[in-house]
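Open the model in your viewer and keep the selection panel at hand. We will go stop by stop.

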Amino acid sequence: MSTTTQPVGAPPSPAPPSAAPARASSQGGRRRRGGPGGRALGLGVVGLWLSLMVLLPLAALTVRSFDDGLSGFWAAVTAPAALAALEVTLGVSVVVALVNAVMGTLVAWVLVRDEFPGQRVVNALIDLPFALPTIVASIVLLSLYGPNSPIGVHLNATRWGLGVALAFVTLPFVVRSVQPVLIELDREVEEAAASLGASNTTIFRRVVLPSLAPAVISGTGLAFARAVGEYGSVVLIGGNIPRETQVVSQYIQQQIEIDSPAAAAAVSVALLSVSFLTLFVLRVWATLSQRREASTA
Amino acid sequence: MITVTDARKTYGDFVALDDVSLEIPAGSLTALLGPSGSGKSTLLRSIAGLEDLDGGNVRIDGEDVTHQPPQHRGIGFVFQHYAAFKHMTVRDNVAFGLTIRRRPKAEVARKVDDLLEIVGLDGFQHRYPAQLSGGQRQRMALARALAVDPQVLLLDEPFGALDAKVRADLRRWLRRLHDEVHVTTVLVTHDQEEALDVADRIAVLNKGRIEQVGDPVSLYERPENDFVMSFLGAVSRLGDRLVRPHDIVLERDHATAASRQAAEGAVGPLVAARVDRVVRLGFEVRIELTADDGERFVAQVTRAEAERRRYTAGEDVVAWALRSEEPVGAGPVA
């Protein structure tokens with residue numbers, strides 16, 4: 001009975017990415033214990049790469065969006081057409097992300113827990129929306145649900161059409177983030193709950209879902225971010241009707257075409273902020289719900 | 001009381017349970033002991049309803065539960081790897097069975113506090129399983145299983161994942177707990193020492209069949225076959241017989257050995273052997289020998305005996321056994 005208590009380990013939390021470049025520069029040539037400068041070199045390369053590929057373009061975009069000053073930025077973002085496009089994009093994306101959260105979890109569940117003929121094929125099919133050029137998806141959906149629909153379903157130039165297209169391209173996110181967690185899930189935990197008298201519904205709600213939640217949340221977040229920025233798959237079936245089915249990416253394209261790059265950049269920055277904020281909040285949420293389970297032996 | 005009748009379970013060609021029948025008396029602490037693949041865990045999981053039998057039936061306190069799901073069998077189950085609800089605190093883990101039954105909050109709180117005190121985890125209510133040691137997690141799992149007042153408590157290698165010291169502490173603690181709570185308990189283990197230490201009845205399983213059932217002393221003293229003999233406790237092969245190492249007596253010459261064996265009323269072979277090594281293990285001294293037919297065996301003597309006789313490596317001796325069963329049969333020896 002004199003078993004010792006393990007120290008309450010701090011959960012492993014990834015270092016904030018913003019810290020990486022700063023540390024790389026401040027510790028440039030210094031040798032750290034363990035590796036002959038390898039660590040500093042690694043940080044340096046990563047910092048440089050992230051700066052070139054992500055931070056610099058984002059900074060350029062942000063600067064560009066303020067070409068016409070703060071008022072110009074505000075005017076561009078709050079233009080009725082821009083707001084409408086933002087509203088359509090975010091509205092449809094939220095719905096699609098939520099649908100994905102449920103259906104993606106269900107698909108992952110069936111793929112992991114059930115056995116049926118053709119399982120491997122179905123499993124491989126999940127990745128197809130990743131591999132397919134999104135414009136191909138758009139053509140496929142247009143031929144199926146467009147004006148000449150062979151099955152009599154006409155979703156062309158409707159928000160339903162947008163939703164179907166976005167659901168198609170974002171399908172893999174939740175499935176692929178939930179699947180590995182489901183595979184690793186300890187079946188004995190469910191058996192323990194059953195032995196304590198829990199019904200299958202209760203087991204799923206009280207025992208399985210809390211373990212899946214972080215994966216579902218992060219998958220949903222990725223699906224949402226992808227949906228918000230999607231262009232190729234909606235360009236044909238969406239119809240690009242302003243205030244109806246025009247999504248932000250199409251609106252931005254339109255601004256470029258009418259030669260107002262500052263407005264395009266401003267709306268882009270607004271979209272970027274929404275995406276970033278969403279991912280950030282979901283990330284914090286997922287980390288919090290994961291924290292208790294962390295440091296498990 | 002648990003009654004298992006003609007339980008049969010196969011996985012493809014593998015027969016996990018080969019028409020097993022077993023009675024487990026109410027209030028007993030019974031160990032199912034056997035090597036891996038002997039069917040002991042399958043038998044336990046069948047009693048719990050976590051495994052469906054292909055044939056036979058299971059009764060708990062007279063009620064046929066063969067086709068009942070685990071939810072309705074009135075069992076508590078403890079797993080080797082704790083099966084803790086990692087996202088719940090210790091309190092919520094233990095309370096789980098009660099909260100899903102929608103018992104009044106005050107009753108749940110009182111019961112959980114009582115159980116946590118019994119298992120020695122009071123003060124750990126608000127910890128998460130990840131913040132507990134293995135031994136503490138297993139005690140939490142026990143409290144969780146006991147919270148629903150099970151008719152039977154089923155433990156599947158409960159101490160298997162713990163280190164030796166904690167394991168020994170915990171099984172003594174389990175024995176004391178059982179003496180207090182008196183719930184019919186079945187414990188699966190592959191560790192004969194654990195079975196002998198904690199159980200008041202042992203069923204030895206091998207290849208999906210029950211070899212022998214009895215209390216620890218009778219199983220150790222009067223094993224019905226070679227398998228039980230060699231699985232419960234150490235054995236040495238002396239001539240054509242299996243004997244306990246501590247029953248072996250070593251003499252300097254054949255005549256002394258023969259006369260002492262006759263004086264003790266013992267039967268069995270006298271085996272000439274050479275001492276290979278003398279190992280002092282605290283109170284006991286283990287003597288490793290090679291018989292003149294090349295068979296290696298081990299004798300165990302007390303420290304006092306070893307000091308009196310001063311066995312040394314390279315010495316020739318004649319070994320005989322105080323007690324031995326009938327000559328070794330054709331049965332396999334583990």
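How many residues of chain B are in contact with chain A? Select 29 residues of chain B, which touch 26 residues of chain A. Contact here means that two C-beta atoms, placed from the backbone, lie within 7 Å.

Before going on, two notes on the ground rules. This is a predicted model, in which local features need pLDDT of at least 70 and side-chain atom pairs count only at pLDDT 80 or more, while totals for chains, interfaces and linings use all residues. Residues are numbered from 1 along each chain as its sequence is written, with chains lettered from A and ligands numbered from 1 in the order in which they are written.

**Stop 1: the chain B side of the interface**

Helices (H or I, at least four residues) and strands (E, at least two) are DSSP runs, numbered from the N terminus.

**Stop 2: the six-stranded sheet**

Stay in chain B and show the open sheet with the order S6-S7-S8-S3-S9-S10, where the pairing is mixed. Two strands pair if DSSP finds at least two bridges between them. S6(B) and strand S10 (209-214) of chain B stand at the edges; each has a single partner strand, so one side of each lacks a neighbour in the sheet. On average, neighbouring strands are turned by 15° against each other, direction ignored. Axes are lines fitted to C-alpha atoms, for helices over the stretch in contact, and angles run from 0 to 180 degrees between N-to-C directions.

Zoom in on S6(B). It runs parallel to strand S7 (residues 152-156) of chain B, joined by four bridges. Pick Ile75(B): Val152(B) in S7(B) stands opposite. Pick Phe77(B): its bridge partner is Leu154(B).

Are the faces of S6(B) covered or uncovered? Both are covered: Ile75(B) and Phe77(B) are buried on one side, Gly76(B) and Val78(B) on the other. Buried means 20 or more other C-beta atoms within 10 Å of the residue's own; exposed means 12 or fewer; partly exposed is in between, with C-beta atoms placed from the backbone.

**Stop 3: the cores**

Select Ala143(B), Leu154(B) and Ala319(B). They have the most contacts inside the largest nonpolar core, which has 105 residues. Such a core is a set of buried Ala, Val, Leu, Ile, Met, Phe, Trp, Tyr and Cys residues joined through C-beta atoms within 7 Å. H4(B) gives the largest share, six residues. A second, separate core has 55 residues, including Val88(A) and Leu141(A).

**Stop 4**

Return to Ala319(B). Beyond its neighbours within four places in sequence, its contacts include Ile248(B), Leu250(B) and Leu289(B). Show the open antiparallel sheet S13-S17-S14-S15-S16 of chain B. Strand S13 (248-251) and strand S16 (296-302) of chain B are the edge strands, each pairing on one side only. Here neighbouring strands are turned by 45° on average, direction ignored. Strand S15 (residues 284-291) of chain B pairs with S16(B) over seven bridges, in the antiparallel sense. Leu289(B) stands opposite Phe297(B).

**Stop 4: domains of chain B**

Colour domain 1 (2-231) and domain 2 (236-321) of chain B. The bounds come from an automatic or database domain assignment. Their C-alpha centres lie 40 Å apart.

**Stop 5: chain A**

Switch to chain A, with twelve helices and zero strands. Of its 297 residues, 33% are buried. Its domain assignment gives domain 1 (20-64) and domain 2 (68-291), with C-alpha centres 32 Å apart.

Select helix H11 (residues 248-257) of chain A. Its buried residues include Val248(A), Tyr251(A) and Ile252(A). Just after H11(A), Asp259(A) takes a positive phi of about 60°.

**Last stop: two loops**

Arg243(A) sits in the loop between helix H10 (200-229) and H11 of chain A. Its phi is positive, about 65°, although it is not a glycine. Arg243(A) is exposed, with 12 other C-beta atoms within 10 Å. Finish at His182(B), in the loop between H5 and strand S8 (184-189) of chain B. Its phi is positive too, near 60°.
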